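Hi,

Here is the structure I promised to send over. Have a look at it first, then read on for what turned up.

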Amino acid sequence: MANQNNRTFQLGNITLPNNVFYSPLAGCSDYPFRTMTAKYGPGLIYCEMVKMDALVRNDPSTYRILDYATSMHPIGAQLVGSKPQIAAQAARIIEDLGFDVIDFNCGCPVDKVTKDKSGSGMMRHPELIGEILSNMIAAVKIPVTVKVRAGWDENSINAHEITQIAEKAGASAIAIHGRTRKQAYKGPANWDYIKACVEAANTIKVIGNGDIFDAAAGERMIAHTGCDAILVSRGTMGQPWIAEDILRLREGLPPIKRGIEMRRQALLDHFLCTLSYENEKKTAIDMRRVGCWYIKKSTGTRTFRGIISKATNADDIRKLIEEFPIEENEGESEFSFEE
């Protein structure tokens, strides 16, 4: 278990500021999102996952997903795919782009990814995971990690086995999502699966993932599982500051009250980040997704979502964010989301 009194974290041959990491969320962890999250000091931020095949054929849209600013370091890229013959080439490209860490995705549950064994489809082929990791690790100097689920379903829990395979291959860390592929994002994450991987590991670092939506949950996961680091996923949506909250709690500092006006300002900042990176039309589309993240525990969220989904220009969106009447609501959110 990591020394929680020491904020730095050793991952392979690099030292990270702390052990609170932000997941690569498909459709979410874009450049504006990472601009927002970098302000709050996570130990590592990931870009959205990219396909190895698209990367090696120099697909321009894939390279744009990997855009980053110096302020986003330490930064990781996540590769997904099932072809060991291109794994080394893809890893070298990521290293040459200046990334600090490479992660191999063996956790994405969506059908369009798993149909060719990729993502959590790799959970059915543990030895192939080891082969791909070995090829990546031999090709680069930066740390290589892997993210998995507990198993394909509750009858094939094998994350502990893959932990040992990844360790043998030379991976610096393995992140365990405490749900199966069959669960997708439904039901609670079972942190006991993460604990089992900690017990199976000798030298490889184990990163816990699943159901970290506030600072207390992050510390509970470490206490329950003994994991070395935590990976926050949906808990970062509308809470770019969750790493700061976790680190303050760990140090015994009082929590920062994130009131509705602070959240409104954060949403405005996110909007302005998006507008500076995307054109107006794309910004309007993106804000339909992002718009409610910051005010999901507020009254009027559903109405706000309906209005922002129809907005087509930047002036209308800015006015809506600045002027829409929203109030604190500490009860259940009016609306929910899944990554």
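Two rings of Phe, Tyr or Trp (for Trp, the six-membered ring) count as a pair if their centres lie within 6.5 Å. Going by that, ring pairs join Tyr40, Trp241 and Tyr294 into a cluster. Keep in mind that this is a predicted model.

There are seven aromatic pairs in the structure. One of them is Tyr31 with Tyr277, a stacked pair with 4.5 Å from centre to centre and 5° between the planes. This pair ties together distant parts of the chain: Tyr31 belongs to helix α1 (residues 31-38) and Tyr277 to helix α11, 246 residues apart. Are these two buried or exposed? Tyr31 is partly exposed, at 21% relative accessible area, while Tyr277 is buried, at 18%. The cut-off for buried is under 20%, so Tyr277 with its 18% counts as buried.

Rings also meet charges here. The charged end of Arg149 sits over the ring of Tyr185, 5.0 Å from the ring's centre. Lys205 lies over the face of Phe9, and here the distance to the ring centre is 4.5 Å.

Now take a look at helix α13, residues 301-308. Which of its residues are buried? Thr301, Phe304 and Ile308 are. They cover an arc of only 60° around the axis, so they sit on the same side of α13. The general idea is that an α-helix has 3.6 residues a turn, so residues three or four places apart point the same way. What do the buried residues of α13 pack against? Their partners are α11 (260-277), α12 (280-290), β12 (298-299) and α14 (314-323).

Cheers

Technical notes: Residues numbered from 1 in each chain as written. Predicted model: local features only at pLDDT ≥ 70, side-chain atom pairs only at ≥ 80, totals over all residues. Heavy atoms only, no water. Buried < 20%, exposed > 50% of the residue type's maximum accessible area, 1.4 Å probe, protein only. Helix = DSSP H or I, 4+ residues; strand = E, 2+ residues; numbered from the N terminus. Arc of directions from axis to C-beta. Contact = heavy atoms within 4.5 Å. Phe/Tyr/Trp six-rings, centres within 6.5 Å; stacked < 30°, edge-to-face > 60°. Lys NZ or Arg CZ within 6 Å of the ring centre and 35° of its normal.
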